[in-house]
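Thanks, everyone; I would like to walk through one model this morning, moving from a single side chain out to the ligand site and the cores. Please keep the structure open while I talk.

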Amino acid sequence: MPKSREIHLVGRPSGMPTDANFALVERDIADAADGQVLVQNLYMSVDPAMRPRLTAGQELNEAMGGGALGRVVQSKTDAFQVGDLVSNRLGFREYFVSDGKGLTKLSPDPDLPLTVHMHALGGTGFTAYGGLLHIGGLKDGEQVFVSTAGGAVGSVAAQIAKIKGCYVVGSTGSDDKAAWLRDEVGLDAVINYKTQPIRKALEEATPKGIDVYFDNVGGDHLEAALRRMNTLGRIPVCGFISGYNSGHSPVSNLSNIIYSRVMLRGFVAPDFMHLYGDFQRDMAGWLKAGRVKYQETIREGIANAPHALIGLLGGENAGKMLVKLAE
Ligand SMILES: NC(=O)c1ccc[n+]([C@@H]2O[C@H](COP(=O)([O-])OP(=O)(O)OC[C@H]3O[C@@H](n4cnc5c(N)ncnc54)[C@H](OP(=O)(O)O)[C@@H]3O)[C@@H](O)[C@H]2O)c1
């Protein structure tokens with residue numbers, strides 16, 4: 001019978017979460033009974049959407065949830081073998097017992113590192129792919145702006161736009177991430193919004209306006225982009241991270257969408273599941289050819305999961321934020 005450590009939410013944050021909002025709790029986990037598996041999580045994903053759930057949605061004094069990749073270590077069902085890798089939504093814990101519902105077997109690509117299945121070749125990559133191509137209706141050679149371009153979703157969206165022959169501007173909050181986007185990824189212009197006023201910098205970086213703004217931020221970034229949108233431009237709204245801690249992030253010029261006939265549409269990845277096969281084929285090819293590059297920020301051990309989430313919200317991550325829980 002293994003012991004498992006897990007992270008509980010013990011108090012709701014006001015603004016940026018702090019250590020005091022979380023507790024590390026150790027529990028005994030039962031062995032797998034008939035029809036069940038025991039899973040050991042290897043990696044867990046850390047995502048901005050976890051922040052709104054700390055305000056409402058996540059129960060207090062219970063293990064938190066989130067995407068994870070685990071290995072079956074005991075199986076009492078024919079559906080899974082010991083050693084199978086399984087994606088699951090039970091992150092923030094080391095072990096769990098399951099009847100198999102909510103587990104998806106993963107056959108990792110032997111030519112790519114396992115962790116890419118948790119970002120570029122997984123959920124964040126798919127969000128970027130469908131959000132840009134399906135919701136944003138990107139056409140080859142268009143003018144594109146991507147915010148949080150140094151992060152998991154944004155870095156992939158920006159690179160898909162480059163592959164499609166677009167002029168691409170990215171914004172990020174650190175000089176290191178800006179240098180990576182400029183020098184390694186080859187974006188046409190990069191804005192560090194912490195050292196340059198976003199509105200003026202975006203105006204200078206988009207002399208031909210913007211056809212597609214892939215919005216991960218909302219607030220001041222959306223406001224700046226709305227001033228630059230071309231007629232019949234599209235804004236796939238992927239996230240609103242500027243408002244996740246405070247609960248609000250005002251935009252004063254939404255009426256700009258009227259005369260420019262701009263389409264502004266929120267989305268979630270399940271909206272375009274029919275594209276998943278195309279995505280996997282395209283993205284695996286781009287990754288292997290080095291046409292999509294990625295960065296990872298990996299924290300070690302379950303005890304560091306709250307710090308990883310706090311760090312993500314503060315911009316500490318370059319690329320995908322993960323926590324490694326076991327080998
Ligand atoms: N719709 C969907 O299905 C879906 C799925 C996944 C993610 N999302 C959304 O996509 C966005 C990116 O997610 P991700 O997983 O790729 O995270 P990420 O970009 O890897 O990490 C979050 C980044 O947001 C930036 N940030 C934090 N506060 C900010 C602010 N006030 N203004 C501007 N940037 C800020 C920070 O980078 P800097 O250093 O650049 O500040 C931080 O590193 C989030 O809004 C998320 O909610 C949506």
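Predicted model: local features only at pLDDT ≥ 70, side-chain atom pairs only at ≥ 80, totals over all residues.

Let me begin with the side chain of Thr206, which reaches the backbone oxygen of Leu202 at 2.6 Å; I call this a polar contact, meaning a pair of N or O atoms within 3.5 Å, where within protein one must be able to donate a hydrogen and the other to accept it, and where residues adjacent in sequence count only if both atoms are side-chain atoms. Residues are numbered from 1 along each chain as its sequence is written, and side-chain values use heavy atoms, with hydrogens and water left out.

Thr206 sits in the loop between α5 (198-205) and β11 (210-214), where helices (H or I, at least four residues) and strands (E, at least two) are DSSP runs numbered from the N terminus. Thr206 is buried, with a relative accessible area of 1%; buried means under 20% relative accessible area, exposed means over 50%, and partly exposed is in between, using a 1.4 Å probe and protein chains only. Not counting residues up to four places away in sequence, Thr206 touches Val169 and Arg228, a contact being heavy atoms within 4.5 Å.

Let me turn to the ligand. Which residues are closest to the ligand? Of the 27 residues that surround it, the closest are Val153, Lys177, Tyr193, Tyr244 and Asn317, and a residue is taken as near when one of its heavy atoms lies within 4 Å. The elements that give two or more residues to the shell are α3 (152-163) and α9. The shell residues divide into 14 nonpolar, 12 polar and one charged, where Ala, Val, Leu, Ile, Met, Phe, Trp, Tyr, Cys and Pro count as nonpolar, Asp, Glu, Lys and Arg as charged, and the others, Gly among them, as polar.

Now to α9 itself. Eight of the nine residues of helix α9 (residues 305-313) are buried, so this helix is largely enclosed by the rest of the structure. The cover over its buried residues includes β1 (3-9), β2 (22-28), β3 (37-45), α1 (50-55), β14 (296-300) and β15 (320-324). Just after α9, Gly315 takes a positive phi of about 85°.

Next, the nonpolar cores, each a set of buried Ala, Val, Leu, Ile, Met, Phe, Trp, Tyr and Cys residues joined through side-chain atoms within 4.5 Å. Of the 39 residues in the largest core, Val144 and Met283 touch the most other members. α2 (123-135), β8 (143-146), α3, α4 (175-185), β11 and α8 (276-288) each supply at least two residues of this core, and the largest share, six residues, comes from α3. Val144 touches, among others beyond four places in sequence, Leu138, Ala161 and Val212. A second, separate core of 20 residues includes Met44, Ala68, Leu312 and Leu313.

Gly125, in helix α2, is buried with a relative accessible area of 0%, and, leaving aside neighbours within four places in sequence, Gly125 is in contact with His119, Ala120, Val156 and Phe279. Ala284, in helix α8, is buried with a relative accessible area of 13%, and beyond four places in sequence Ala284 touches Asp109, Leu112, Leu121 and Phe279.
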